[in-house]
Amino acid sequence: MYTYLKNRPMLLSAVLGSALALFTFYCPNASVITGAAFIALFFIMVIKRAKPEIIFSIFCVVIIIINLQLNLQRADSADLLSGSTVNGSFCITENPVDHGDYKSFTVEARDCAELKNGTKVFMFYGGDETLCMGDLIECDAKLKSVSKSDFKAGNYAENIYLSANIKNIAVKSGAQDKALFNLSRLQRGITNTLFENLSTDESATLNAIVTGDKSYISPEFESCVRGAGISHVLVVSGMHLSIIMTFIMGLLERFVYNRYAKPLIMFAVTVFLMALCGFTMSVVRSGVTYMLIAVSLLIGRTGERSNTLGAAVTLILLFSPFAVLSISLQLSVLSTFGVLAVSPAVMNAVCERVNIKNPLIFSILSLAVSSVCASLMTLPVVILVFGYVSVVAVISSIIIAPIVTVSLIAAFCGLVLSLISPVIAKPCFLVSGITAKYFNFMTEHIGGWKYSAVNVSRPFAVISVIVIFAVLQLLLYCRKRRDMLKLYGLNEKIKAEGGDRLIWR
């Protein structure tokens, strides 16, 4: 395992940075000693002239440690403000969530004497005022530290250290944040276009897939989705961004031949889609990955896929070290690692022993293995957070999840073409409607099965971690054995030609 990480320095920095962030969150007092140890390690490696890539990896970890301490200081400052009431101007940075008796949303301070501009606050509002993303509001806010709340980890992941109950609210007319307000209008336009072109059930599903808005989804259907093990489909995540970006990259490969135009278009589209999806952590992870791919295309270099994933995570942690506490980021990174690193190793091991000639069987097997590997890597988080495991998740991934790709691409094309002419967008919406109907039908029947999901106690999370490490060690052993067999074959050939024997390092 050490050799594997040493050969992928950015993955190593991501693992170390994530571990240190978790340790700092749960043991803030002891984190100073750990941080000092890594800073000392960095200088020792510089003096000993270690490999530059390893030095850079440890340097990234040191920067993450420094940012962790700065974030702890911000949290301590927020604790001092807990219980006080402040008056000022704030900008709503997300669409408010209606809970019936109250609304909740995140704001940024814009003009408040007690708070620095840009300070995030999670607000609760029990009035009837209509609010939307981008609105500038003036209100009285009674602040409360989130350090003792049940949602401390989720708030820290978003760099939120204060919550507030607000009253005496006034929306500043005509003073919206233009970028956020127009983004909110675009999201509402997408929802309206889908409902105008599709039936209610299909448009509700596609609206959740495209925008992440599940307000039109019934509780019964959402329960079926959880039972089928495909909850990630109805939450805008890295998977959605990956589907769209893969489609766009295919178009760029076919129609754009300029070396510099491709990565620049990729970069711009990625930023736009990240903004459209609300900069959720899993979307940011996927977006940063595609940005790194765009940069690699621009400079003419390619990297190992798991190391690129590590670079994306490291970049996120450099700016927001507590982001590792985000459940969506954890699931996104672990599932992606399972698909990119573990699944190919399993398929290589299988194909060495079984000669699969039928392309359809190979595709189905590859899809099943990818699903199993992604599910296995995310199993500890799923058990700890949700307390249940879907026993039909692999089946769902084979017969339901691929349809989501078709449905999302068709809906994306339909939305783009509807800006030109609603008529030429009709075929795309027809395809997306048919696939959404299939998705609804199969989800209701598979996820609605009584035994589709089973409750699992927390101790099984520890067992799943042991299983993951055992599988990874086995795959690394198989890879080493395969490489040694190749070396043995080369030595036999060299020996026959009278050369010197190669040595395994």
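Some ground rules. Since the model is predicted, local features need pLDDT of at least 70 and side-chain atom pairs count only at pLDDT 80 or more, while totals for chains, interfaces and linings use all residues. Residues are numbered from 1 along each chain as its sequence is written, and side-chain values use heavy atoms, with hydrogens and water left out.

I start with the whole protein. The secondary structure comes to 18 helices and eight strands; these are DSSP runs numbered from the N terminus, with helices being H or I of at least four residues and strands E of at least two. The C-alpha trace spans about 90 × 60 × 55 Å along its principal axes. Of the 505 residues, 43% are buried. Buried means under 20% relative accessible area, exposed means over 50%, and partly exposed is in between, using a 1.4 Å probe and protein chains only. For contacts (heavy atoms within 4.5 Å), those with a separation of 6 or more come 70% from residues 24 or more positions apart.

Next, the salt bridges. How many does a search of the whole structure find? There are three, where a salt bridge is a side-chain nitrogen of Lys or Arg within 4 Å of a carboxyl oxygen of Asp or Glu.

One joins D177 and R110, with the closest N and O atoms 3.1 Å apart. D177 sits in the loop between β6 (162-171) and α6 (178-197), and R110 in strand β3 (residues 103-112), so this pair links distant parts of the chain, 67 residues apart. D177 is buried at 18% relative accessible area, whereas R110 is partly exposed at 33%.

Another pairs K437 with E202, at 3.7 Å between the closest N and O atoms. K437 is in helix α17 (residues 422-447) and E202 in helix α7 (residues 200-211), so parts 235 residues apart in sequence are tied together. E202 is buried, with a relative accessible area of 7%.

There is also K262 with E253, at 3.5 Å from N to O. K262 is buried at 17%, but E253 is exposed at 52%.

Now the backbone. Most residues other than glycine have a negative phi. N159 has a positive phi of about 60°; N159 is in the loop between α5 (152-157) and β6 and is partly exposed at 27%. N168 has a positive phi of about 50°. N168 lies in strand β6 and is exposed at 58%.

Last, the second largest pocket. Its volume is about 1600 Å³. On a 1 Å grid over the protein atoms alone, a pocket is an open set of points where a 1.4 Å probe fits, with protein on both sides within 12 Å along at least five of seven lines, and lining residues have an atom within 4 Å of a point. The points are joined across faces, edges and corners, and the volume is the space filled by probe spheres set on them.

Which residues lie nearest its centre? They are V15, V333, L334, F337 and M377, out of 46 in the lining. The largest share, twelve residues, comes from α13. Elements giving two or more residues include α2 (9-26), α13 (327-353) and α14 (359-386).
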